[in-house]
Amino acid sequence: MTSSSFQRTLTLPATLCEQAAQHLEQAARRTVDGAGIPLKAFRAAADSDYTLPVSVVEQAAGCLLVLATETAQTVRPSALRTVIGVALCLRDAVQAVRRPALTTRFW
């Protein structure tokens, strides 16, 4: 199987994009490496019906997990859970489009 068999974009719920953009802003302020590109993409997501490149969503998930790690000792547990929850939703969306389609044929 080659990478060309995977989707290159995915459409996310508006609320998830907005939450991700808010947390990516925090990541960018804390100078988390790689947060700039996904931040710009998520800020502009409404213009593209919340359709984003899979690689950008994956990068955003990674940045948010780094943010969670860096702030784990200084933020409220509920805030930490929120950041981790958004990161895991993004990661799950990426994994869902990368899974091969199920067929009804027997192996």
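Predicted model: local features only at pLDDT ≥ 70, side-chain atom pairs only at ≥ 80, totals over all residues.
This briefing looks at how helix 1 and helix 3 pack together. Helix 1 covers residues 14-29 and helix 3 covers residues 54-71, and their axes come within 9 Å.

**How the two helices cross**
- Two packed helices are described by the angle between their axes and the distance between the axes.
- Here the axes of helix 1 and helix 3 cross at roughly 60°.
- That angle makes helix 1 oblique to helix 3, since only values from 65 to 115 degrees count as roughly perpendicular.
- The crossing is left-handed.

**Who touches whom**
- From helix 1, the contact uses His23, Leu24, Gln26 and Ala27.
- Their partners in helix 3 are Ala60, Cys63, Leu64 and Leu67.
- Sorted by type, the residues of this contact are six nonpolar, two polar and no charged.

**A closer look at helix 1**
- Helix 1 has 16 residues and spans 23 Å from first C-alpha to last, close to the expected 22 Å.
- Its buried residues are Leu16, Cys17, Ala20, Ala21, His23, Leu24 and Ala27.
- The cover over those buried residues includes helix 2 (36-43), strand 2 (51-53), helix 3 and helix 4 (77-98).
- After helix 1 comes Thr31, which has a positive phi near 55°.

**A closer look at helix 3**
- Helix 3 has 18 residues and reaches 26 Å from first C-alpha to last, close to the 26 Å expected.
- Buried residues in helix 3 include Val54, Val56, Val57, Ala60, Cys63, Leu64 and Leu67.
- The buried residues of helix 3 pack against strand 1 (9-11), helix 1, helix 2, strand 2 and helix 4.

Methods. Residues numbered from 1 in each chain as written. Heavy atoms only, no water. Axes fitted to C-alpha atoms, helices over the stretch in contact; angles between N-to-C directions. Helix = DSSP H or I, 4+ residues; strand = E, 2+ residues; numbered from the N terminus. Parallel < 35°, antiparallel > 145°, perpendicular 65-115°, else oblique. Left-handed = near helix turned anticlockwise from the far one by under 90°. Contact = heavy atoms within 4.5 Å. Nonpolar A, V, L, I, M, F, W, Y, C, P; charged D, E, K, R; others polar. Expected span 1.5 Å × (residues − 1). Buried < 20%, exposed > 50% of the residue type's maximum accessible area, 1.4 Å probe, protein only.
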